[in-house]
Each structure stands twice: as structure tokens, then as C-alpha cells.
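Subject: Handover of a structure and its pockets, cavities and core

Dear colleague,

Please find below the structure that I am handing over to you. The findings follow directly after it.

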Amino acid sequence: AAPAWTLDGLTVYEVFPRSFSDSGHLNAVRTRIPELKALGVNCVWLMPVHPISAVNMNGTYGSPYAVADYRAVHPDLGTLDVMRSLVDELHEAGMLCIIDWVANHTGWDHPWIAAHPDWYTQDGAGNIVIPPGTNWSDVADLNYGSGEMRAAMVAAMRFWSEDIGVDGFRCDYAVGVPYDFWSTTIADLNAQRPDAPLLWLAEADAAALHDVGFEVSYSWQGYGAVEGVVAGGAMPETIYTAYANEQAALPAGHRKLRFVTNHDETSWNAAAPALFGGVAAMQCAQAITAFLPGLPLVYNGQEVGSGQMLN
């Protein structure tokens, strides 16, 4: 059974599975649970563990956010049984396990493409398109006007929360999905686990997502303020201003995810030591960030001052 938790008691560690160990296997995460627990971590967030689409792949390995199958684990990472064991062992250690969920789009060889092309956004000529306003050529935009697609998406999420036993979802590009989908889905999945509530984290800074059920959202303002002070020499008061602005927009009891880096910042810009001007500066930024109200995040390798750009 999942351990009891409160928003004020969680410290999150983001795992990039293929870069977390030499093997890139989920079993390597299992063997290092004691190390994560020794850090004070009690919530492990796994970046997407699903198979990656090979069609229109970007880069050598492809983006894990180009999902090829919502109900499977990438064979390089393990199997569904390995995933179940990882969740069980995290629970035994008193830790939660949440997974990345990409609801806005899929990879181009997801089985829905061939079986249900109407589940995707199409142009006037009937061609499936990438998410509007992006250059994400490796993914196809989902059509939330389709009730069947919505039902299939909910069923896939329920599979992970009920069959695999994960404890919540970090929802990628949450603002790209209609808010009415989130409100009904969050209520539905929560109702299936009344004794083991799910954690809902939105990859966004939109206050409206809290109104539809997300308890936690990204502290982009806070991140920018801390970086501006530690790396840019801005006045420390800007951190308090950003914090006050964020808190004013939050419903009572909701929180911000506070970080000095994550997979987006590391892959787009640089690893945290380079962003902040060295390991000591990064540690200073982390201390400031961790003591602000919210959920502190440690990204893959940050705890040892890794300067590697993971992608």
C-alpha cells in the first residue's frame, strides 16, 4: 500500500531513467532506493517510461515524450512487472512513485494513429498535425473533441494508477489539454483510490489548473527569481516578490514545485552548476529554494553536482 503523505511533507526526486545509471534500467533505480531515501527523498518522479516512437524521431534516442504506447514500458528500461516491483519497493521504503504523463500528443507510430486517425487533430486536407504553435515534429496532436479518445486516455491512466499502483502523475504540457478533461479525469481517478490519494502535478504555471484539481504546479517565477539573484546579481527582495505573487494565485492548501533545475532547463540551457556559476552557487540556490514553502525538487545527478547535460 502507498504510504500516507501530505503536500508539506514531500521532497521529490526526478529520475531520467536512461541516464540514472550505466544500464539505464529500472532495476538500477530499485537498487538505489536506500540512497534516495538517505537524501530525504520520499517521492520519486519517473520521466516517461513508455516506448519511444521511432517515426520522425528526434536525436539519437528520441524524446521520451514521444510516446508510442501508453500501456507498455520501453524494453530498454524493463517490463511492466519490473515497474510493479519498483513501485512496491518504493512503497515499502515509505516513498511515493509518480510518473510523467503526456496527454496532449503521442508519437507518430502510436497504434491510435492507424486505428483511430480521427482521434488526432487534422488539417483541411485530412493530415494529422503536430501540436499547433510548436515545432515538435516528432509528435502528433490529439483531438480532444473525440469522446472515444478521451475515454481511452482515462483508461490508460487508470491502468497505471490501479494496476501498476503509481501514486500520481506529473502531467506534461498540462495547459495544452482542455481543462474540462482534467477536472473529470482527476475526480474519476481519485474516486477509485479513496484510501490512497493521487498526487497531481501540472507542468505549468497556470493558476486555473489548480481549480480543476491539480494540487501542485511549477514555480517558474520562483526559479527565475532565484537564478536572477544567485547567478545574475539581482536584489534578494525579488525572490520574496515572486513568492508572494505565486502564493496569491494558489487556492488554500495547494503548493508550488520548487527547483533550481529540471530536465527542461538542463537539456535546453545547461546543467545547474553552469547555470548558477559553480557547484557552490548551485547549492546556495538549492538551499534558498528548498526553504520556500512548497515541494522541493532534486533533479537526476544534481545531488552530486553533475555538470552533464542529460538528453
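Which helix gives the largest share of the lining of the largest pocket? Helix 11 (residues 263-268) does, with 4 residues; helices here are DSSP runs of H or I with at least four residues, strands are runs of E with at least two, and both are numbered from the N terminus.

Before the details, two notes on the source are needed. This is a predicted model, in which local features need pLDDT of at least 70 and side-chain atom pairs count only at pLDDT 80 or more, while totals for chains, interfaces and linings use all residues. Residues are numbered from 1 along each chain as its sequence is written, and side-chain values use heavy atoms, with hydrogens and water left out.

Pockets

The largest pocket holds about 780 Å³ of space. A pocket is an open set of points on a 1 Å grid over the protein atoms alone, with protein on both sides within 12 Å along at least five of seven lines; a cavity is a set where a 1.4 Å probe fits but cannot get out, and lining residues have an atom within 4 Å of a point. Points are joined across faces, edges and corners, and a volume is the space filled by probe spheres set on them.

Of the 30 residues that line the largest pocket, Ser63, Tyr65, Asp264, Ser267 and Trp268 lie nearest its centre. By class, this lining has 14 nonpolar, 11 polar and 5 charged residues (Ala, Val, Leu, Ile, Met, Phe, Trp, Tyr, Cys and Pro count as nonpolar, Asp, Glu, Lys and Arg as charged, and the others, Gly among them, as polar).

The second largest pocket has a volume of about 260 Å³. Its lining consists of 15 residues, and Arg18, Tyr61, His74, Asp76 and Leu77 lie nearest the centre. These lining residues divide into 8 nonpolar, 5 polar and 2 charged.

Cavities

There are 2 cavities of 30 Å³ or more. The largest cavity has about 70 Å³ of space, and its lining includes Thr261, Tyr299, Asn300 and Gln308. That lining has 4 nonpolar, 7 polar and no charged residues.

The second largest cavity has a volume of about 30 Å³. Among the residues lining this cavity are Ser219, Gly222 and Arg258, and helix 9 (residues 220-230) gives the largest share, 3 residues.

Ser219, Gly222 and Arg258 are also among the residues that Glu246 touches, not counting residues up to four places away in sequence (contact means heavy atoms within 4.5 Å). Glu246 belongs to helix 10 (residues 237-248). Glu246 counts as buried because its relative accessibility is 2% (buried means under 20% relative accessible area, exposed over 50%, partly exposed in between, with a 1.4 Å probe and protein chains only). The side chains of Glu246 and Ser219 make a polar contact at 2.9 Å, that is, a pair of N or O atoms within 3.5 Å, where within protein one must be able to donate a hydrogen and the other to accept it, and residues adjacent in sequence count only if both atoms are side-chain atoms.

Nonpolar core

The largest nonpolar core has 98 residues, of which Met83, Met153, Trp160 and Trp182 touch the most other members. Helix 6 (residues 147-164) supplies the largest share of this core, 9 residues. Such a core is a set of buried Ala, Val, Leu, Ile, Met, Phe, Trp, Tyr and Cys residues joined through side-chain atoms within 4.5 Å.

Leaving aside neighbours within four places in sequence, Met153 has contacts that include Tyr70, Trp101 and Phe181. Met83 is one of the residues touched by Leu46, a residue of strand 2 (residues 43-46). The C-alpha atoms of Leu46 and Met83 are separated by 11 Å.

With kind regards
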